[in-house]
Amino acid sequence: SPLGRIFSKPVRTISIQSVGGTEAAIQRGVELLPELLAEADKSRRETVPVGELSLGLKCGGSDAFSGLSANPALGHASDILIANGGTSIITEVPEFAGAEHLYATRCRTREGSEQVFGAMRRFRDYLQRAGHSMDENPSPGNKEGGLLNITLKSLGALAKSGTGPVEGVINYGAVPPHRGHWMLYCPSYDPISTTALVASGCQIVAFTTGRGTGLGNAIVPVLKIAANSELAARLEADIDLNAGRILDGEADIETVGRQLFDLTLATASGQWCRAEHNRHREFLIWDEEGVSL
């Protein structure tokens, strides 16, 4: 299959309609397991350079502290990864609104900058076709957390991207053509955008939250970074790293960012994250015409 060629892994597809219904599809999946397990058993752990890592940058359930603690700490971790030849991808196009010009100025090329503004225009058109606008963001939960308008939310959200150069924009479902930091065209809904990062090749997603979002993924680990210590204590079993220590004066952004980078490497090496322990396996695909499949 095309996916098998892209990722050099065996891929089999099952359609409920073509195999005779739901139970038949489940049975067909069970029948395929011995073949797929035999292929999986051929895999061997090996050491690879950190530059092979692709990290998804994600936030959800943000509050007024996210842009001061967890998001810039994640941005610093992204900068370390990029400096070591890796890849990071940020998404959620609506959360660039009001701050896209600051992001675009970091693009290596004029073409990349034009791609950023083009993505914003394209998403505004998409919303208008459905009778919506960027002004509907932040969400009620974001506002309860202290984010009063989309510009405040965007400024904090973009802190996840770090301070380094931007390569450009990739389309939903696309894989970056080369390493570096990229913007992914996708909406903000957490299950969709997390899955989109995985589809674009991210082996790990780092997810910052100020209000607590119970979300994982069916394919890759999702690290949860708390924006404040109260949340980290209240949802201890769901949080992998507490960036609230920055607000508490116990650590600076660079220190927590380095800890997050180290945690990312440990997770890439096989250490389980909290979302995996809690069996969070969310997965959702986006159709740009407005229907989630």
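So, the nonpolar patch on the surface: four residues make it up, Ile26, Val30, Leu33 and Leu37, and together they have about 370 Å² of accessible area. Keep in mind that this is a predicted model. Take Ile26 from that patch. Ile26 sits in helix H3, which covers residues 22-40. Its relative accessible area is 55%, and since the cut-off for exposed is over 50%, Ile26 counts as exposed.

Let's go inside, then. The largest nonpolar core here has 61 residues. Which residues have the most contacts inside it? Those are Tyr103, Phe123, Met183 and Tyr185. If we skip the neighbours within four places in sequence, Tyr103 is in contact with a whole list, including Ile90, Phe96, Leu158, His181, Trp182 and Met183.

Some of those names come back with Gly168. Leaving out residues up to four places away in sequence, Gly168 touches His181, Trp182 and Met183, plus Gly112 and Gln115. Gly168 lies in strand S3, residues 168-170. Is Gly168 buried or exposed? It's buried, because its relative accessibility is 0%. And Glu114, 54 residues apart from Gly168 along the chain, has its C-alpha 8.6 Å from the C-alpha of Gly168.

Last stop, His280. You'll find it in the loop between helix H13 (274-277) and strand S8 (286-287). The side chain of His280 makes a polar contact of 3.2 Å with the side chain of Glu282. Beyond its neighbours within four places, His280 is in contact with residues including Gly214, Asn217 and Asp238. Val222 is 58 residues from His280 in sequence, with 9.0 Å between their C-alpha atoms.

Key. Residues are numbered from 1 along each chain as its sequence is written. This is a predicted model: local features need pLDDT of at least 70, side-chain atom pairs count only at pLDDT 80 or more; totals for chains, interfaces and linings use all residues. Side-chain values use heavy atoms; hydrogens and water are left out. Patches are made of residues with over 30% relative accessible area and no salt bridge: like charges are joined within 9 Å, nonpolar side chains (Val, Leu, Ile, Met, Phe, Trp, Tyr) within 5 Å. Accessible areas come from the Shrake-Rupley method with a 1.4 Å probe; for residues, only the protein chains shown count as cover. A salt bridge is a side-chain nitrogen of Lys or Arg within 4 Å of a carboxyl oxygen of Asp or Glu. Helices (H or I, at least four residues) and strands (E, at least two) are DSSP runs, numbered from the N terminus. Buried means under 20% relative accessible area, exposed over 50%, partly exposed in between (1.4 Å probe, protein chains only). A nonpolar core is a set of buried Ala, Val, Leu, Ile, Met, Phe, Trp, Tyr and Cys residues joined through side-chain atoms within 4.5 Å. Contact means heavy atoms within 4.5 Å. A polar contact is a pair of N or O atoms within 3.5 Å; within protein, one must be able to donate a hydrogen and the other to accept it, and residues adjacent in sequence count only if both atoms are side-chain atoms.
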